[in-house]
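Let's take a walk through this two-chain model, one region at a time. Keep the picture open while you read.

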Amino acid sequence: MEVLKIEKLHKYFGKLHVLRGIDLSVNRGEVVSVIGPSGSGKSTLLRCVDHLETAERGSIEIAGSFLAKADAEGKSVYPSAAEIQQIATSIGMVFQNFNLFPHRSVLENLIEAPVYVKKLSKDEATEKALALLARVGLSDKKDSYPGQLSGGQQQRVAIARALAMEPELMLFDEPTSALDPELIGEVLRVIKDLAKEHITMLIVTHEMNFAAEISDRVIFMDEGQIIAEGDPHGILQNPDNPRIQTFLHKIIDRE
Amino acid sequence: MGAGVTLQVFAVTLVFSIPIGILCAIGKLSRFRVVRFLISIYTWVFRGTPLLLQLFFTYYGLAILTNGAISLEPLPAALLTFVFNYAAYFTEIFRAGIQSIGRGQYEASKALGMPHWLMMRRIILPQAVKIILPPMGNEAINLIKDTALCSVITITEILRNAQKVMSRDFNITALVIAACIYLALTFIVILLFRRLEKRFAYYSIK
């Protein structure tokens, strides 16, 4: 069953045509990685799914609800703010820069939305939050403030905060790009654990080995289009597409 | 000594101008162009003319303009003027505070499905408060001193009292005492804000 279904999605920034007709489906329990050169539209795609950007054309369907529905001419039509907020609660977003709430403790970061958006009782939300903190290995940090944590710890809290809403779909926007190299591993390990639990995930990443290891499917994007998609072995180890070969060579050269 | 009136003007001004300032700041950042325009006119007028002139206007001017239909007592006239004058300054301070909160906080709130007002109340404004405390402290000190302007519309506050005593006794003791009262009041305000800033020091915005 599809948790995410994107059809003919177009996004412009002024005259810049950033997404040029994206078709993409993600099934329940599937882990899909999006790779590609910077400026290829990967992050914009993710941000459209989470309604941080508004698409001009095409449709986005999340767990059976239309975030954007294409009208007869293909133009994206969005529902009311309240409906969008409702859909947003079924998506968890993990940002490159964590974006934790600095004035709230780790535990408060986790229960904020469950209590005030989902209207869970504080006790119930706290109980779930503590379980999530244990899962990302940060039980001892529940009373710390984000500013007191390392980047890796902050990102693990951010993952737990997104999971606290029990989303149907988790989005990761380059979750390790802002981290010092020695902190990347701990965050990737947490995401790997989620993959084992069959949490549906769409991940934009530059970590090729990581993508190869955890993905059921890899999408290669360039210039606002999906150039290739398939199993990680085919896309990453034996690409027949010259553009993917060039991209992978550049990354290998860098490393 | 008239300190009562001074404190009254001080307290009433803060209590009413802060909420008005918050609302106007949010309005000034809203997507409604008319709202933004009207609030800009308001802050321009009240920040762009002397408070003394505004006091004259509400006390004398309104009465003349309306042929006596609106004729305010000195104290209400002073309170009204001070509230709207200070709210105009607070609007700009709050607006700057709100705008200094990074885009990531808005995006994280939105991603969690928070409605706009919930986000403002729980995420944006509490962080803005920390940023605006130092300029708010400045305004509060200014307010203490500005209350002396009330003397020109016949309100007997600290300064006017001192003036009366001075011309009666023909020495400056009263003036020195008045200065000491102002110093004491501003000192209390400084301490209060220092304490508030400490309370918000438990976290840092990077």
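## A loop residue in chain A

A:Ala63 counts as partly exposed because it has 18 C-beta neighbours inside 10 Å. (The rule: 20 or more other C-beta atoms within 10 Å of a residue's own means buried, 12 or fewer means exposed, and anything in between is partly exposed, with C-beta atoms placed from the backbone.) You'll find A:Ala63 in the loop between strand 4 and strand 5 of chain A. Its phi is near 45°, a positive value in a residue other than glycine. Most residues other than glycine have a negative phi.

Before going on, a word on where this comes from: the model is predicted, so local features need pLDDT of at least 70 and side-chain atom pairs count only at pLDDT 80 or more, while totals for chains, interfaces and linings use all residues. Residues are numbered from 1 along each chain as its sequence is written, and chains are lettered from A and ligands numbered from 1 in the order in which they are written.

## The strands around that loop

What joins strand 4 to strand 5 of chain A? Three bridges do, between residues 57–62 and residues 65–70, and the two strands run antiparallel. Strands pair if DSSP finds at least two bridges between them. Opposite A:Ile62 stands A:Ser65 of strand 5.

Both strands belong to an open, antiparallel sheet of five strands in chain A, with the order 2-1-4-5-6. Its edges are strand 2 (16–27) and strand 6 (76–77), each of which pairs on one side only.

## A covered strand

Now look at strand 7 (residues 91–94) of chain A, which is covered on both faces. A:Ile91 and A:Met93 are buried on one side, and A:Gly92 and A:Val94 are buried on the other. In a regular strand, side chains alternate between the two faces of the sheet.

Strand 7 of chain A pairs with strand 8 (residues 169–173) of chain A in the parallel sense, over four bridges. The bridge partner of A:Val94 in strand 8 is A:Phe172.

## Two crossing helices in chain A

The axes of helix 3 (residues 106–116) and helix 4 (residues 122–135) of chain A come within 9 Å and cross at roughly 130°. Axes are lines fitted to C-alpha atoms, for helices over the stretch in contact, with angles from 0 to 180 degrees between N-to-C directions. That angle makes helix 3 of chain A oblique to helix 4 of chain A. (Under 35 degrees is roughly parallel, over 145 roughly antiparallel, 65 to 115 roughly perpendicular, and the rest oblique.)

Among the residues that meet here are A:Leu107 and A:Leu110 from helix 3 and A:Ala125 and A:Leu132 from helix 4. By class, the contact of these two helices has eight nonpolar, one polar and two charged residues. For the classes, Ala, Val, Leu, Ile, Met, Phe, Trp, Tyr, Cys and Pro are nonpolar, Asp, Glu, Lys and Arg are charged, and the others, Gly among them, are polar. In the loop between helix 3 and helix 4 of chain A sits A:Lys119. A:Lys119 is not a glycine, yet it has a positive phi of about 60°. With 8 C-beta neighbours inside 10 Å, A:Lys119 counts as exposed.

## Over to chain B

Chain B has eight helices and zero strands. Its C-alpha atoms fill a box of roughly 70 × 45 × 20 Å along the principal axes, and buried residues make up 32% of its 206 residues. Helix 4 (residues 74–99) and helix 6 (residues 116–146) of chain B have axes that come within 8 Å and cross at roughly 145°. Their contact includes B:Tyr86 and B:Tyr89 of helix 4 and B:Ile124 and B:Ala128 of helix 6. The residues of this contact divide into twelve nonpolar, one polar and one charged.

B:Arg47 is in helix 2 (residues 33–48) of chain B. With 13 C-beta neighbours inside 10 Å, B:Arg47 counts as partly exposed. Leaving out residues up to four places away in sequence, B:Arg47 touches B:Ala88 and B:Tyr89. (Contact means C-beta atoms, placed from the backbone, within 7 Å.)

## Where the chains meet

How many residues does each chain give to the contact? Chain B gives 20 and chain A gives 19. On the side of chain B that touches chain A, the largest share, six residues, comes from helix 5 of chain B. That side has eleven nonpolar, five polar and four charged residues.

Conventions. Two residues are in contact if their C-beta atoms, placed from the backbone, lie within 7 Å.
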